[in-house]
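Please read them beside the structure.

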Amino acid sequence: MRYVLRRLGFFALTLWAALTINFFLPRFMPGSPLQALRARTYNKLSPAALEEMLTSFGYKPHENVGVQYLDYLGHMFTGNWGVSIGSALGQPITQIVGQALPWTLGLVGVATVLAFVAGTVIGVVAGWRRGGTLDAILPSVFVVTSALPYFWVGLLLILVFSVWTGGWLPSDFNYDSNLQPGFNPEFIGNVLRHAVLPGLTIFITAVGGWVLTMRNNMITTLAEDYIRMGRAKGLANRKIMYQYAARNAFLPNLSGFAMSLGFVISGAILVEYVFNYPGLGYLLYNAVQNTDYPMMQVLFMLFTVAVLVSVLLCDFATAWLDPRSRAKG
Amino acid sequence: MRLRKSLIAVLAAGLVLSACSGKSTSSTTTATGGNATGTDGPHKPGGTVTIANTTGQTWPCQFNPFNPAQNQEALGFVYEPLVHVSVVGDSKETPMLATAYKWSADLKSLVFTIRDGVKWSDGQAFSADDVAYTFNLMKEHPALDLFALWTGAGLTGVTAAGNQVTMTFSKPAKPYFYNVADQVGIVPKHIFSTGAAAAKPDTFTNPKPIGTGPFLMGTCGPNNIEYTANPTYWQAGKPYIQKIEYPAYLDNAPANNDLASGKAQWGGQFIPNIKSFYLAKSQDNHTWSPPLLNVGLFPNLDPSHAATSKLAVRQAIAAALDRNQIALIGEGGQQPAANQTGVVIPTFQKYFDQAALTSAGYDKPNADKAKQLLASAGYSPSNPLKLTVISITGYTDWDASLAVVKQQLQPIGIDLTVDDLAQQTFLNKLYTGDFDLAYYSEQNSGPSPYYELRQLLYSKNSAPIGKNASSNFERYHNDQADQLLDQYATADDATQVSIVKQLSALMLQDVPMIPTTGSVDWFQYNTSDILGWPTPDNPYAEPSPYKIPDNEQVMLHLYSKAAQK
């Protein structure tokens, strides 16, 4: 119990620190929302009117920073997130985030899970048949793929599957803009087609890491005495491989996976940027470009909370799975 | 139109290019609208126009015409101005919601005659009251007064009587006619005086806009806005086009692809290698991007910047530059070369003074003269002047132009360093005067060179170093220029031309800014089905889809070939 309380206390402290940084960091950036708006409207409009306009939407450059900070903390917890003062001036942040979140969860979430599952299975098999053909080729391939930058893989895939093949797979956006969203085969098929390349990009760059760690865990586990015991008792290979070796080798990877799920929400900013995928990562990029304080604050807050919550859950899971961690606490 | 992501666009275009090398055909672009000359006459309704214009975000589906981030979707199509003034068409005026207007002799009072028989799209009658209400709303809520009409332009009152609206000004206000008549969209009093709109007209979301314009907002989602023709539009039989699709493009590359494939017919895009990427794809693909403003070097004239405040240094740079090369290499020939008079040609040809340019010696590059000038300032190729020019990261065409500039300045003895900054950082430095040279462009075009020259040269648009200047970033101060700009407000047309020429003379004499290329309205159009586009021969409106309210004029001219059968 003391362990759980300590974890919760740590969670609260980290959250507060992160929220505080979230508030001040954007304000240390060069520029201001007013300047960004002036630039976006081609310096054509009266700066005084624009400042009034931004003030109406909740931008308060002249108010005491301390007061703003307390207001901000309150608003973060009450869900009163305000409206964008960037490129979507006046649109409620909840609405913008609500539109983007499903796309990020769908694309990055599914790709991350798939990469994890595939990587784990490949890693198990490669570790089991250590020194086999699979094990000779795959790890070296995955060392390379896991080191490739996201955006480069993305551009390469666009070149191969979209440009060279004359638009075989769409290279941007979440669905064709002439379609009306709805639960019909045409729309769903279109969404899936649009998800292939960005999803593949995330998959290719993420799967390698899982394969390598899983393979190495597997090899360590296979050297354990209980595996030898299983063999001696004449258990089926398949049974040893999955139920004895893989299950134990899997544990360290699981906590890594919990962490990576936390990062799903922040999207793969570069992937979303390259593919113009309207998810949270793209929103963050746009918000930074336009010095959209409320938008940045909310996005950073969501990212932080997602990571912290998954870390917390991971801690709890470890405590539950592994009695040693409780004893140490 | 978004340049800032052109990095990826260029990368992608590079990939595309390498992919279709060998296929490039030379295509001659005669910018013909495809419409037989002078047949602006009635056409049968039908057809859909799809717009490709990168906005970088999904649509918020708010249509408040006063919201500066969203008025592009509302003005023109839905909300109309009083009079349309064609910036590219020698200020040709088209009466819209006002049938006529009259200035008083002292140019301090302006009377509009408001059109009869116009209806709002909800069926209510439009009247002079709506016009007066719109302008008075801007007085009541300064946030709506985007053109500073009640403060800067000196508007003192707007009243309606019968079908007339009278505006009074505290000073001669002719130069503000463009803002008053063309840039402000008239909103319905019966909507904006009740409920949410009345309480907070500035933050009013206006999801279902009610306007007098030729189109109604049909459906709006984050990815697309569909406009449908207004069946009760006051110009009988118009618009011919029945539907506009306006997809949200987050990036140039997909928008450019849709233009090249013909999926979108109306573009406002920067397309790298436009010849092979766009024009060669179809005989029906055309482009005409008229220049409206100058892009160039803003030297810091403040004495604290020793080199750039020296006239001989600026003259040397102006003399050394081969602007045709910069336009050709840096801008791929898509933006024309500028000239030192500051008058953008061919758009504003009648204000251009070729003789003055020639006699000042800036009509063609002159490296020898540049060397001499620089020597008089104490620099030479063996003792080069080191200068840094700031530019904006991601504006790859500007980077390319600056590379050419650097190359041209090297031999005369200027060692130029290009410093690419994030846009916000760049603007901060530009506004506060923290630079030696800045590569930039005035942003706000108007129907004559006066509007740009005023931003550039008027000392009241400047500010001391460290304070934000509104547009005179180089910190130019010349009483003669101020006087000329002040006189312009009351001058007749011929005098206005002469004033611009005198301002050009100051540009040649003091070299306060060094134009390199023109800044254009990006415009691409496809004539396989849609005809009636603006062309150099018939420049009835600024052609870019992002130019409001000119977008309305374009839509009123367009018609579908297929629907005429």
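1. Contact here means heavy atoms within 4.5 Å. On that basis, in what is a predicted model, chain B brings 51 residues to its contact with chain A, and chain A brings 48 residues in return.

2. The size of an interface is often given as the accessible area lost when the parts come together. Between chain B and chain A the buried area comes to about 4,400 Å², and carbon and sulfur atoms account for 55% of that area.

3. How many salt bridges are counted between chain B and chain A? The count is 0, whereas the rule for polar contacts finds 14 residue pairs across the interface of chain B and chain A, with both residues of each pair at pLDDT 80 or more.

4. On the side of chain B that touches chain A, helix H1 (6-19) and helix H14 (423-432) of chain B each supply at least two residues, and H14(B) gives the most, with 6 residues. By residue class, this side of chain B divides into 26 nonpolar, 18 polar and 7 charged residues.

5. Turning to the strands, S2 (residues 83-86) and S3 (residues 92-95) of chain B run antiparallel and are joined by 4 bridges. Within this pairing, Val83(B) of S2(B) stands opposite Pro95(B) in S3(B).

Technical notes: Residues numbered from 1 in each chain as written. Chains lettered and ligands numbered in written order. Predicted model: local features only at pLDDT ≥ 70, side-chain atom pairs only at ≥ 80, totals over all residues. Heavy atoms only, no water. Buried area = accessible area lost by both parts, 1.4 Å probe. Salt bridge = Lys/Arg side-chain N within 4 Å of Asp/Glu carboxyl O. Polar contact = N/O pair within 3.5 Å; in protein donor to acceptor, adjacent residues only side chain to side chain. Nonpolar A, V, L, I, M, F, W, Y, C, P; charged D, E, K, R; others polar. Pairing = 2+ DSSP bridges.
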